Amino acid sequence: MTQHTLSRTAERVYWLGRYLERSESTARLVMVNSNLLIDLPSRRPLAWRSLVDIMGDFDQFKKLYETPDERSVIRFMVADTRYSGSMLSSIGFARENARTIREIMPRVSFEYINDLYLHAKNELSGTLSRTRVSEVMDLVMRRAQHLDGFLSGSMIHGSAWNFLRIGQYLERADMTTRIIDVRSVDQLSDGTDGLEPYTQLQWRSVLRSLHSMQSYHLSIGEPVAQPLVLDFLFRNPELPRGFLYCLLRIRNSLRSLPRNDKPLTAINKVIRFTNQTDTGKLEGKALHDFIDECQLKLLELAQVIDLTYFNARLRVKKAKARA
């Protein structure tokens, strides 16, 4: 019974980290397209459907909306609680998880999350103008970062903290690949209609969405270009929102937990796959396929973590089957 209780608590902490990160990352994903909308020439329409496709939920979108235009896609991804992957839904799930584990976190943490949910819900209840959407996205990102810093400086850095970090960085790694994928599937990748100069704007938008523009210039010291940006975002071990950085943080947290053999094997597979790929040479379909493979390996890792630490009944059942 004690082990089951600990597993449930660990799972809720883990999903708190995932949902908080997901809400912030969804805001970033929307901002990628919004920034491009400002920078691109009016003669080139921006494909809002690509955001829904990246999330893999276009079938659900079709059940709720007729046309994947700007207004519908933003409503779906940001404020529609009928969609479990929307930003507001993610904040709501984070609030529910935080409510059930208040005894292991600073008490004010739940108040911060609850206040964020109520404020976002209120601001997103009316007409979603571009200005309002931009303001709410900025609010969510800032408050999520504030909460992250508060928890880092207040929680005991033990098992609960490690599960929080694993959830956070697993979600961040996944969403970083999805944000990059906005660029890899965008229509501008065909380089037609004389819009080749605007491809650099797209990569600048990706860097800005990850708050990595200044870090790129400090680290790379070269103009923004696709090969350099890809290598920077996928393989720089010191970039907080970089893919490899997230993987290394997950591995560090797993090393502090018991029964970590299988999770460590899974995370090492993803790290090797990333290090062995020359990401700077990827483009078009090859880039998209690489991102798909990264996401599949992250999904396998999440399943191993779930089976190892959370799904206690299934572990017992499999152990009995082997016996």
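Is Glu171 buried or exposed? Glu171 is buried, with a relative accessible area of 2%. Buried means under 20% relative accessible area, exposed means over 50%, and partly exposed lies in between (1.4 Å probe, protein chains only).

The model is predicted: local features need pLDDT of at least 70, side-chain atom pairs count only at pLDDT 80 or more, and totals for chains, interfaces and linings use all residues. Residues are numbered from 1 along each chain as its sequence is written, and side-chain values use heavy atoms, with hydrogens and water left out.

**View 1. A salt bridge joins Arg22 and Glu171.**
Their side chains meet at 2.8 Å, N to O. A salt bridge here is a side-chain nitrogen of Lys or Arg within 4 Å of a carboxyl oxygen of Asp or Glu. This pair links distant parts of the chain. Arg22 sits in helix H1 (residues 2–39), and Glu171 sits in helix H8 (residues 159–184). The two are 149 residues apart. Helices (H or I, at least four residues) are DSSP runs, numbered from the N terminus. Arg22 is buried, at 17% relative accessible area. A search of the whole structure finds 19 salt bridges.

**View 2. Arg28 and Glu24 pair within helix H1.**
The side chains of Arg28 and Glu24 form a salt bridge of 2.9 Å, N to O. They lie four residues apart, about one turn of the helix. Arg28 counts as buried, at 1% relative accessibility. Glu24 also counts as buried, at 3%.

**View 3. A network of salt bridges includes Glu24 and Arg28.**
The pair from the previous view belongs to a linked group. Its members are Glu21, Glu24, Arg28, Arg172 and Arg241.

Asp138 is partly exposed, with a relative accessible area of 33%. Arg142 is exposed, with a relative accessible area of 55%.

**View 4. Gln303 lies in helix H14.**
Helix H14 spans residues 284–310. Gln303 is partly exposed, at 48% relative accessible area. Gln303 and Ala266 are 37 residues apart in sequence. In space, the two are 9.7 Å apart, C-alpha to C-alpha.
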